[in-house]
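Reader: I would like to go through this model term by term. For each label, please give the value and the criterion it is set against.

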Amino acid sequence: MSGWGIDNQRNSAQQNLQFTHLYQKELPAFLNALGIGFSKNTVTEDYQLTREKLGTGINGSVVKVIHRQSGAEGALKIINKESRNSELEVKLHAYASQCENVVRILDVYENIYRQRPCYLLIMECMPGGELFDRIQNTTQTKITERDAADIMRQIGNAVMFLHRRNIAHRDLKPENLLYSERNFQSILKLTDFGFAKEVTQKGLETPCFTPYYAAPEVLNEKQRYDMSCDVWSMGVIMYVLLCGYPPFYSDHGFSISPGMKKRIKQGEYTFPDKEWKNISLTAKDLIKRMLTVDVNKRIDIYEFMNSPWVANVREVPSTPLFTSANMMEDPDCYKETQREMESALQTMRVDNKVKIRDVKHSKNRLIERRKQKKLEAGAAPQ
Ligand code: ADP
C-alpha cells in the first residue's frame with residue numbers, strides 16, 4: 001500500500017485512530033493503518049531521484065523525487081535511524097499527516113543510506129516553499145492583516161489537531177511551515193516532527209482511557225508546558241508576520257544570550273508605532289495573550305482558534321502591512337529572527353521552569369539599531 005492511493009480528503013475512520021493505541025504497533029503495521037506505504041526495498045525502484053534540492057535538513061538535503069508509476073512529484077527526507085527518537089518522529093509525522101495543514105507522508109523506506117541504517121520519508125512535495133521566503137518575495141502586493149490572520153488560522157489548525165491528541169510539536173518555526181503550491185491559493189502546512197512528543201500521563205495510556213478526550217486539567221504542569229510552548233512560538237510567528245521583525249532579539253550572534261533569555265522570561269517586547277499603529281487591537285491583544293510569560297495564564301490553542309481574529313478571518317481589516325518591506329530592507333533581520341527562534345526553542349525544550357513575573361516594557365534593541373542605521377544613512381553625505 002502507498003499513500004498515493006489516499007486522496008486529500010482524509011479518511012474519517014483513520015482520523016479517529018488514537019496515536020497511543022496505534023503506537024504499540026510495529027512501524028509497518030502502524031503506517032499501514034494510516035494508509036502509508038512501507039518497504040525495505042531500495043527507494044529508487046519506485047522513485048526517480050532528481051538533483052533538485054528543496055531544502056537542507058540535519059541529515060542532508062531534502063530532494064525532489066518522481067514517483068515512477070504516476071509521475072507525481074514527492075520530496076525525500078532521510079532520517080538517520082540511529083538518531084534519538086527516529087522511529088517516534090516517523091510515527092508522529094505519519095500520524096499527523098491526517099491533518100490537512102500537515103505535510104503528508106506518502107511512503108516510508110527502511111534502508112541503508114551511506115552505510116547507515118536510515119528511514120527515507122517520501123513526502124508530498126511543497127513547491128511553494130517556506131512561509132517567510134514567500135512573504136519576503138511578495139514584492140507586488142503587500143500582505144494584509146487579513147492575510148496574516150488566514151496564515152495563523154492554518155498554523156493553528158495544525159497545532160489544534162496535534163494538541164487535541166496530546167501531541168506537542170516543540171519546533172514551530174517559519175522554516176517548518178511550507179506552502180503546497182507557488183500560487184496564493186495554496187495551503188500552508190507544518191512539517192518536521194523531530195522534536196515532537198506525545199504528552200500523555202502514564203496511567204492514562206490504558207485502552208479504556210483515550211487521552212484525546214482528556215481535559216487540560218488532567219495534564220500535569222510539564223505536559224501543559226510542552227503544548228503551551230507551541231502557542232508561544234505561534235505568538236512569535238504572528239508578531240513577525242505582522243511587522244517583519246521579531247519581538248525579542250539577542251544581544252549578539254548565534255546563541256541565546258542571558259539578556260535575551262531574561263527578556264523572554266519577563267515578556268519584554270513592544271509594538272513600535274510605525275508598523276503597529278494601524279494594526280487592530282484584537283491582533284495585539286491576541287499576541288499579548290500568546291506571549292504571556294506565565295504558562296498557566298497563556299491562552300491555549302482552543303482559545304486561539306476561537307478568538308474573533310482567527311474565527312472570523314473575513315472580518316479582519318485588510319490593512320496593508322510593512323512586513324515584506326521590512327524583511328527586504330534588512331534581510332539580516334530575518335536571519336536574526338530564525339536564529340532567535342531556534343535558540344529560544346532550544347531553551348524552552350530544556351527549561352520548563354518559567355517564573356511568573358509582571359510584563360515590563362523595555363526598548364527593543366533591534367529596532368533601536370535599525371533606527372540608528374536610518375539616522376546614520378540620513379546624516380551621510382549624498
Ligand atoms: P530537518 O528535520 O532535518 O531539519 P526538515 O524536515 O525541516 O529537515 O526539512 C528541511 C528543509 O527542507 C525545510 O525547511 C524545507 O525548506 C525543505 N523541505 C522539507 N520538506 C519539504 C517538502 N515536503 N517539500 C518541499 N520542501 C521541503
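Author: Two strands count as paired if DSSP finds at least two bridges between them. In this predicted model, an open sheet of three strands has the order β7-β9-β10, and the pairing is antiparallel.

Reader: What makes β7 and β9 a pair?

Author: β7 and strand β9 (residues 177–179) are joined by two bridges in the antiparallel sense. At least two bridges are required, so β7 and β9 count as paired. Glu-130 stands opposite Leu-178 in β9.

Reader: Why are β7 and β10 called edge strands?

Author: β7 (129–130) and β10 (188–190) each pair on one side only. Helix α6 (residues 145–164) packs on this sheet and touches β9 and β10. The direction of α6 makes about 30° with that of β10.

Reader: Which order do the strands of the six-stranded sheet follow?

Author: The order is β1-β5-β6-β4-β3-β2, in an open sheet with mixed pairing. Its edge strands are β1 (37–39) and β2 (47–57), each of which pairs on one side only. On average, neighbouring strands of this sheet are turned by 25° against each other, direction ignored.

Reader: How do you know that β2 pairs with β3, and β3 with β4?

Author: Seven bridges join β2 to β3, and the two run antiparallel. Four bridges join strand β3 (residues 60–67) to strand β4 (residues 73–80), also antiparallel. The criterion asks for at least two bridges, so β2 and β3 count as paired, and so do β3 and β4. Gly-57 stands opposite Gly-60 in β3. Along β4, Glu-73 is the bridge partner of Ile-66, and Lys-64 stands opposite Ala-75.

Reader: What connects these strands?

Author: A hairpin through two residues joins β2 to β3. β3 and β4 form a hairpin with five residues between them. In the turn of that hairpin, Gly-71 has a positive phi of about 80°.

Reader: Where does helix α4 lie?

Author: Helix α4 (residues 86–96) lies across β4, β5 (105–113) and β6 (116–124). It runs at about 15° to β6.

Reader: What makes the contact between Glu-275 and Lys-274 a salt bridge?

Author: The N to O distance between their side chains is 3.9 Å. The limit is 4 Å between a side-chain nitrogen of Lys or Arg and a carboxyl oxygen of Asp or Glu, so the Glu-275 and Lys-274 pair qualifies. A search of the whole structure finds 16 salt bridges.

Reader: Why is Glu-275 called buried and Lys-274 partly exposed?

Author: Glu-275 has 8% relative accessibility, and buried means under 20%, so Glu-275 is buried. Lys-274 has 39%; partly exposed lies between buried, under 20%, and exposed, over 50%, so Lys-274 is partly exposed.

Reader: How do you know that Arg-289 and Asp-285 form a salt bridge, and where do they sit in helix α10?

Author: Their closest N and O atoms are 3.6 Å apart, within the 4 Å limit, so the pair counts as a salt bridge. Arg-289 and Asp-285 are four residues apart in helix α10 (residues 281–290), so about one helical turn separates them. Arg-289, at 31% relative accessibility, counts as partly exposed. Asp-285, at 38%, is partly exposed as well.

Reader: Is Asp-294 buried or exposed, and is its partner Lys-297 buried or exposed?

Author: Asp-294 has a relative accessible area of 9%, under the 20% limit, so Asp-294 is buried. Lys-297 has 60%, over the 50% limit, so Lys-297 is exposed. Their side chains meet in a salt bridge of 3.9 Å, N to O.

Reader: Which residues have the most contacts inside the largest nonpolar core?

Author: They are Met-152, Ile-155, Met-238, Leu-242, Phe-304 and Trp-309, in a core of 91 residues. Helix α7 (residues 221–243) gives the largest share, 13 residues. Beyond its neighbours within four places in sequence, Met-152 is in contact with residues including Met-234, Ile-237, Met-290 and Trp-309. A second, separate core has ten residues, among them Val-43, Val-63, Tyr-109 and Leu-120.

Conventions: Residues numbered from 1 in each chain as written. Predicted model: local features only at pLDDT ≥ 70, side-chain atom pairs only at ≥ 80, totals over all residues. Heavy atoms only, no water. Buried < 20%, exposed > 50% of the residue type's maximum accessible area, 1.4 Å probe, protein only. Axes fitted to C-alpha atoms, helices over the stretch in contact; angles between N-to-C directions. Contact = heavy atoms within 4.5 Å. Core = buried A, V, L, I, M, F, W, Y, C linked by side-chain atoms within 4.5 Å.
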